[in-house]
Amino acid sequence: MMKKYVLTAPESHDLDQYAIHSIGYPGVVLMEHAAQEVARQIVTEIHARNVAIFCGGGNNGRDGLAVARLLSLQGISVKIFLTKDPEQLSPDAKVQWNLTQNLQVPFEVILPVSFSYVSLESYDLIVDALFGVGLNRPLGPEWNPLISAMNERKSYQVLAIDIPSGISATTGKVLGNAIRADITVTMGFDKAGLLLYPGREYAGKKIVADIGYPMPAYEAMGISAYTLQPEDLGTCLIPREPSGHKGTFGHVAVIGGCETMAGAVVFAAKAAYKVGAGLVTVCSVSQNRSILLSQVPEAIFTSYEPDHVTSESENGFREDENDVNTKEILTILDRADVVVLGPGLGISDRSQGLIDFVMTHCKVPLILDGDGLTLAVWEKGSYSTPMIATPHLKELSGISGVSIREIKENFPYYVQSFANQYQITLVAKDATTLVCKGNTMYYNQTGNHGMGTGGSGDCLTGIIAGLIAQGYEDYQGAVLGTLVHGMAGDYFAEEHSPYALTASDLIASLDEVLPTKNPKKIGRKKSFDHE
């Protein structure tokens with residue numbers, strides 16, 4: 001599998017400089033490859049015949065000028081709209097400008113005072129080469145008329161070079177105003193701002209063009225953020241033992257579900273079985289027995305008795321091997337290979353006691369979900385077993401003490417901060433879900449708005465648990481679980497409708513996205529990053 005790195009704006013700049021100055025890779029070669037990739041898309045994929053290219057004064061404008069030159073040489077009708085005085089262009093951009101002048105490529109210099117008078121209706125493609133990944137300030141209001149005109153799309157498509165102008169390459173935020181592209185050709189590697197909303201929406205169809213960045217440059221800089229595509233799933237899976245049995249494929253314990261929320265444990269248990277777990281035990285209140293077993297007859301059901309949960313001890317459970325709750329829970333924890341704690345549990349004193357007891361005694365990977373996230377006592381580095389937390393934004397805000405608005409301002413930063421603070425694997429659920437452990441961050445690109453439905457998160461938790469039970473490490477299972485979960489949602493949305501998508505549909509769709517054959521890779525991976 002090819003490494004699919006994700007970089008922020010500063011990392012993009014540093015990688016470029018490292019490749020050029022430390023490794024000696026000629027910058028002009030990288031630039032020419034970038035221009036060739038954009039021109040190829042325009043000629044062979046878009047089939048545009050009349051192109052307007054809007055060029056700023058920096059490196060993004062330089063790339064746009066190079067594209068204009070290449071298109072002109074291929075007989076495409078092209079006109080340059082330069083938004084900077086030619087005398088004020090960057091040195092590299094001036095070289096490209098002079099080349100276009102020598103080739104007599106039509107042009108017009110338009111400064112902000114004339115933006116309102118630009119007519120675009122005669123073109124079938126508009127190329128945005130105004131601002132690149134280095135933009136770190138809001139665009140002034142003088143850009144609004146031009147951006148509005150480009151966004152009208154009366155008779156043309158819009159292609160952005162590297163990133164739509166006005167989008168932060170680090171956070172995906174709109175910096176004052178931004179181009180809404182139909183297609184974005186981004187160079188060498190993905191940008192975080194193209195994977196996070198709203199930047200992901202503004203990018204349209206995204207194409208990551210290989211322009212020849214040397215792999216040693218990524219490695220020397222220690223880039224550790226990455227993404228996966230559905231086609232990568234098969235190369236990441238570990239093989240299942242042909243002679244295996246239900247014990248071989250792991251035992252998942254799901255602890256949760258109160259009298260009014262049985263569905264959460266049902267979905268988690270179903271999903272764990274669907275991705276290949278050998279056994280699933282559900283521990284819930286006795287009232288949920290018939291519901292659970294009617295929906296998941298494969299499951300093992302056991303219950304704890306709420307009346308026995310008291311505040312007589314610090315954790316709400318009596319430290320007595322003959323106590324019904326203590327005995328039952330310890331038996332479950334002893335048999336499980338991974339524990340899911342909290343879905344549908346409810347907020348109460350008895351729930352708090354259960355959470356405290358399990359977190360104290362669990363010796364296998366523990367996935368905190370739902371009410372378990374709220375009730376957990378978060379202590380830095382105090383967990384003796386791998387911990388996975390799966391909050392959505394509201395839950396992450398509640399347990400971190402940071403407002404949702406602040407988290408959205410720089411989602412990756414707060415995700416990494418929380419994961420590192422408590423030394424856990426964090427699955428931060430949003431339109432673009434992030435999975436972080438240590439310095440490694442995974443950006444998930446699968447999934448759709450139809451998955452914003454009750455029970456979807458419980459399915460994700462069950463999928464992750466089912467994978468970990470089979471031998472995937474905590475971070476490994478979280479990444480692949482997130483990928484598979486989104487793939488199932490995308491399958492249903494494409495075959496049916498995102499509006500009709502339910503948690504049950506997600507589980508049923510796993511049949512369609514998981515491999516039909518056992519992976520042929522020999523041996524189990526002991527670690528997982530972005531290889």
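Phe 418 and Tyr 422 sit four residues apart in helix 17 (residues 411-422), so about one helical turn separates them. Keep in mind that this is a predicted model. Across the whole structure, a search turns up 14 aromatic pairs. For Phe 418 and Tyr 422, the ring centres are 4.8 Å apart and the planes meet at 55 degrees, so this pair goes down as tilted. Phe 418 has 3% relative accessibility and therefore counts as buried. Tyr 422, at 11% relative accessibility, counts as buried too.

Ring pairs tie Tyr 5, Phe 189, Tyr 213 and Tyr 218 together into a cluster. One of that cluster's members, Phe 189, also has a charged neighbour: Lys 191 lies over the face of its ring. Over at Phe 249, the ring has the charged end of Arg 240 sitting above it. Here are the two charge-over-ring contacts side by side:

| Charged residue | Ring | Distance to ring centre |
|---|---|---|
| Lys 191 | Phe 189 | 4.1 Å |
| Arg 240 | Phe 249 | 3.6 Å |

Now for helix 13 (residues 349-361). With 13 residues, helix 13 reaches 19 Å from its first C-alpha to its last, which is close to the 18 Å expected at 1.5 Å a residue. And which residues of helix 13 are buried? They are Arg 350, Ser 351, Gly 353, Leu 354, Ile 355, Asp 356, Phe 357, Val 358 and Met 359.

Conventions:
Residues are numbered from 1 along each chain as its sequence is written. This is a predicted model: local features need pLDDT of at least 70, side-chain atom pairs count only at pLDDT 80 or more; totals for chains, interfaces and linings use all residues. Side-chain values use heavy atoms; hydrogens and water are left out. Rings of Phe, Tyr and Trp (its six-membered ring) pair if their centres lie within 6.5 Å; planes under 30 degrees apart count as stacked, over 60 as edge-to-face and the rest as tilted. Helices (H or I, at least four residues) and strands (E, at least two) are DSSP runs, numbered from the N terminus. Buried means under 20% relative accessible area, exposed over 50%, partly exposed in between (1.4 Å probe, protein chains only). A charge sits over a ring if NZ of Lys or CZ of Arg is within 6 Å of the ring centre and within 35 degrees of the ring normal. The expected span of a helix is 1.5 Å times one less than its number of residues.
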